[in-house]
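Here are my notes on the model you sent over. Have it open while you read, and go through the points in order.

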Amino acid sequence: VTLAATSVSISAQVLFELGVLKTKEGNALLATALIDDVLAILLVSLVVAVTVASNTSGAGTDPGTLLLVMVRMAGYLVIAGAITWFIVPRLIDWLADIPIVAQSYGIPAIAIIIMLAFAWTAEAWGGVATITGSFLAGIGLSRAHDHVHDLIAENISVIAYSFLVPIFFIQVGLGADLRACPISALPFAFLLLVIAVASKVGGCG
């Protein structure tokens, strides 16, 4: 399960720096990375649910707990996906027709608000990663009229790559607590590292 997880953010950053983020290959890589992350998050949630239930009751896992986790995630993805597909593009196009909004930075600001809202609800309500919610919001925004989503992409990329992306990497580093890793676990950690690197290089090949 640990090896199943990827990082869509890191993949997106690498593709951006290589200049292939907006190509068909770049879109395909991000889409598959997202699907991989959703499936990995489902697996992690199931493992956590199994572990918690086993430690609490000592009598195995309650199937109802697992079913609840699955239903919660699937329900969020379906509902949020429908909202981003049908409502978000119509809403953003309608707002873009309002002169006072279109002439200022209103559209990019609204796009950020939508992205943050979906990111928060993904974790708080759906039990999936925040980036999954952001990705869904991006899908909805990309279905707006060409001049609208071009405006959003142009303005947000500056904020993202100068401010938000560095904060993400710093937050990941700060979240790594090496004190929680005993010396006895180092061989296993090294084995995981070797397998992870080999599988990524093999996959790219």
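1. Buried residues account for 26% of the 205 residues in the protein chain. Keep in mind that this is a predicted model, so read every number below as computed from it.

2. On the overall fold: the protein chain has eight helices and zero strands. Read from the N terminus, the elements go α-α-α-α-α-α-α-α. Taken along the principal axes, the C-alpha atoms fill a box of roughly 60 × 40 × 30 Å. As for contacts between residues at least 6 apart in sequence, 68% of them join residues at least 24 apart.

3. Have a look at helix 5 (residues 106–124) and helix 7 (residues 146–174). Their axes come within 9 Å and cross at roughly 70 degrees, which makes helix 5 roughly perpendicular to helix 7. What does helix 5 bring to its meeting with helix 7? Ile107, Pro108, Ala111 and Ile112 are the residues on that side, while helix 7 supplies Val148, Leu151, Ile152, Asn155, Ile156 and Ile159. By type, the contact has nine nonpolar residues, one polar and no charged.

4. Now the rings. The structure holds one aromatic pair. The ring centres of tryptophan 120 and tryptophan 125 sit 5.4 Å apart with the planes at 70 degrees, so the pair counts as edge-to-face; the cut-off for that label is an angle over 60 degrees. Are these two residues, tryptophan 120 and tryptophan 125, buried or exposed? Both tryptophan 120 and tryptophan 125 are exposed.

5. Another tryptophan is worth a click. Arginine 143 lies over the face of tryptophan 85, at 4.0 Å from the ring centre.

6. Is threonine 132 buried or exposed? Its relative accessibility is 1%, so threonine 132 counts as buried, the cut-off being under 20%. Setting aside neighbours within four places in sequence, threonine 132 is in contact with Leu34, Val38, Ile41 and Leu77.

7. Glycine 138 lies in helix 6 too. With a relative accessible area of 35%, glycine 138 is partly exposed, since that class runs between the 20% and 50% cut-offs. How far from proline 187 is glycine 138, C-alpha to C-alpha? The two are 40 Å apart in space and 49 residues apart in sequence.

Conventions: Residues numbered from 1 in each chain as written. Predicted model: local features only at pLDDT ≥ 70, side-chain atom pairs only at ≥ 80, totals over all residues. Heavy atoms only, no water. Axes fitted to C-alpha atoms, helices over the stretch in contact; angles between N-to-C directions. Helix = DSSP H or I, 4+ residues; strand = E, 2+ residues; numbered from the N terminus. Parallel < 35°, antiparallel > 145°, perpendicular 65-115°, else oblique. Contact = heavy atoms within 4.5 Å. Nonpolar A, V, L, I, M, F, W, Y, C, P; charged D, E, K, R; others polar. Phe/Tyr/Trp six-rings, centres within 6.5 Å; stacked < 30°, edge-to-face > 60°. Buried < 20%, exposed > 50% of the residue type's maximum accessible area, 1.4 Å probe, protein only. Lys NZ or Arg CZ within 6 Å of the ring centre and 35° of its normal.
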